[in-house]
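Dear colleague,

I am handing over the structure below, and I would ask you to keep it open while you read the notes that follow it.

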Amino acid sequence: MNNKRIKYFFLASVLIQMFVITSLATGSPLLTMSVIEGGSLPWGNLMTALMFILFPLNFLIIRSTRKVHPIPLKVFRICVLISLVLGVLWIPMTYALSGNWSATFHGEDTKSKIWWAYTYATPILPFAGYFLMRILSIFFKP
């Protein structure tokens, strides 16, 4: 991709993420509406999964502008790649753990705790990878 397309992708991605975060923070009625009439997958889950996919991609775009030693860069990229895979698999994992598309759990069981850890780990991993890369860059100079 050329630089102009990358900038447009990044801008569109940030705008989409801002919309999703605002919708989640305000409790928008859109979140509970079904994607398909009569279906059980709510827009909120689809929007969250999209955000979990776009977020690590933005980290890769931002990170590609600076020179870093290959070892810290590899740690960063692995964390971002794991986050991207977790984002892509977020809806199937939600269904596998809850047994429904709307992520409704009954009680505080182990599956619910696993789902919460999975959901928190997905956006946190790129930050963790970035900070690990910065720390490792102290020891590995380009």
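In which helix is the place of Ser137? Ser137 lies in helix H5, and please bear in mind throughout that this is a predicted model. Because its relative accessibility is 18%, and buried means under 20%, Ser137 counts as buried. If its neighbours within four places in sequence are set aside, the residues that Ser137 contacts are Val68 and Pro72.

Pro72 leads us to helix H3, where it is one of the buried residues, together with Leu73, Phe76, Cys79, Val80, Ser83, Leu84, Leu86 and Gly87. Seen down the axis of H3, these buried residues fall within an arc of 165°, and so they line one face of the helix. The face turned away from that buried side carries Pro70, Lys74 and Leu81, which are exposed. What covers the buried residues of H3 includes helix H2 (43-63), helix H4 (90-98) and helix H5 (110-139). As for length, the 19 residues of H3 (residues 70-88) should span 27 Å at 1.5 Å a residue, and this agrees with the 26 Å between its end C-alpha atoms.

Two of the covering helices, H2 and H5, also pack against each other, at an angle of about 10° and with their axes 9 Å apart, and they are therefore roughly parallel. H2 brings Phe52, Phe55, Pro56, Phe59 and Arg63 to this contact, while H5 brings Thr119, Thr122, Pro123, Pro126, Phe127, Tyr130 and Met133. Sorted by class, the residues of this contact are nine nonpolar, two polar and one charged.

How values were computed:
Residues numbered from 1 in each chain as written. Predicted model: local features only at pLDDT ≥ 70, side-chain atom pairs only at ≥ 80, totals over all residues. Heavy atoms only, no water. Helix = DSSP H or I, 4+ residues; strand = E, 2+ residues; numbered from the N terminus. Expected span 1.5 Å × (residues − 1). Buried < 20%, exposed > 50% of the residue type's maximum accessible area, 1.4 Å probe, protein only. Arc of directions from axis to C-beta. Contact = heavy atoms within 4.5 Å. Axes fitted to C-alpha atoms, helices over the stretch in contact; angles between N-to-C directions. Parallel < 35°, antiparallel > 145°, perpendicular 65-115°, else oblique. Nonpolar A, V, L, I, M, F, W, Y, C, P; charged D, E, K, R; others polar.
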